[in-house]
Amino acid sequence: MQHKVKIPSPLQSYTQGASEVSVAGNTLREVLAELDHRYNGIRFRMIDEQERVRPHIRIFVNNQEIPAIDTTLLAGDEVHLICALSGG
Amino acid sequence: MNTTLWIGTRKGAFALKSTRRRVFRAVGPQFLGHIVHHIVQDPREPSRLVMGAKTGHLGPTVYTSSDRGRHWQEAKAPPAFRKVRDGEPARAVERVFWLSAGHPSEPGVWYAGTSPAGLFRSEDHGAHWQPVVGFNDHPQFSKWASGARTPDGELLHSIRIDPRDAKHMYLAISIGGIFETHDGGKEWSPINEGVAAEFLPDPKAAYGHDPHCFILHPQQPDRLYHQNHCGIYRLDRPATRWIRIGNNMPKKIGDIGFPIVADPHDSDSVYVIPMDGSSVWPRVSIDGKPAVYRSRNAGKSWQRLDRGLPRQQAWFTVLRQAMCTDNGAKQGSLGLYFGTTQGEVWASHNSGDAWYRIAQYLPEIYSVSFAV
């Protein structure tokens, strides 16, 4: 199942500037794995070694924030990777 | 001789390049917007560099270069703790804070220190990193590295390898103390006897100290120095009790600071930059008058070196990785460099006798390292 994945600007160096990519997977975990397979290293910038979403990253499926990555995706679901508005 | 100073800043990596000793030009930035804690040249293979970086939003990583910093590749497996087992507190690397090249007999080996405290090793020039189990999973680890939430987080730094023995290493944790291994990292023991820890309930505690920067002299590896939160110390092995050589500093200056460096050809010559550690710890130059202090007799006496530095209203903070020497190739005129949190880089080419500014307006400087 293919899903649109929106890539925030801090991660577009991995996707050669693409702000949106199409990635296959039945769960968010699978989508992130495929994303990392295609763009090596991108997952660890968002998900730590204990499988937690990093503090300044938010992941939405459609309009719903997903706190954990073991979430089933349905056909047509869009994944939004978001960097929190913070810093200075 | 062409030399480069690699500057790690809160907003990216910069290089100050010189073809003549006194003239530097800024090159960069590279990785603009990245938080760059440390950039280190491989002394065994000088074309190679390793950099610890992250951004405000994204997790930590490591970049490596095999062409003197023209191009960089991200590590395939950056430093990361192992998965937690049931009931264990979850540990995740927040920052790759410190990098040290391994022993000359182990080409390609690097060590990384992280926040929260963790020790990691690479055997392929920094491309893949593994936890050093003997330290990160040591039975005493949770006592040595309590995860103290100091303002910048708990930091593992100053990883020093004995040039005579690849298996003999030291490291420091701020806050935690200095630790030593003789078997390549399997077993470790604290080595903090004699070090003050005014913030601990037990002033004679074996660990829990706050070493800010620890060095081992490359030509006399039994000569150790360290700048601590509570003073400046020397230890000549095999002794195990540190001597507070900061007691010989002028009383009105004190012996608080972050960096300490030594002349690579003279183990008695050591340099510090005192900062204000009074009351609420401003951590700036004392009275707004920055100065380097030098000892030429292993800390028995100290000399103020401020010629060329601002005379007043200059509130420098120089962090622990932001001071370095050159390789001392020109005998009798050691090159010294330091960077400030205000984005200035200062240099001396006569062993600290006089200073001049070689860069300004850079972002907040975290590290300055010399490369050939």
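## Chain A: fold and burial

What percentage of the 88 residues of chain A count as buried? The share is 25%, a residue being buried if 20 or more other C-beta atoms, placed from the backbone, lie within 10 Å of its own.

This is a predicted model, in which local features need pLDDT of at least 70 and side-chain atom pairs count only at pLDDT 80 or more, while totals for chains, interfaces and linings use all residues. Residues are numbered from 1 along each chain as its sequence is written, and chains are lettered from A and ligands numbered from 1 in the order in which they are written.

Chain A holds two helices and five strands, in the order β-β-α-α-β-β-β from the N terminus; helices (H or I, at least four residues) and strands (E, at least two) are DSSP runs, numbered from the N terminus. The radius of gyration of chain A, taken over C-alpha atoms, is 12 Å, close to the 12 Å that the globule rule (2.2 Å times the number of residues to the power 0.38) gives for 88 residues, so chain A is as compact as a globular protein of that length.

## Interface

In chain A, 17 residues are in contact with 15 residues of chain B, contact meaning C-beta atoms, placed from the backbone, within 7 Å. Helix H2 (residues 42–46) of chain A supplies the largest share of its side, three residues. The predictor gives the complex an ipTM of 0.90 and a pTM of 0.95.

Methods. Two residues are in contact if their C-beta atoms, placed from the backbone, lie within 7 Å. A residue is buried if 20 or more other C-beta atoms lie within 10 Å of its own, exposed if 12 or fewer, and partly exposed in between; C-beta atoms are placed from the backbone.
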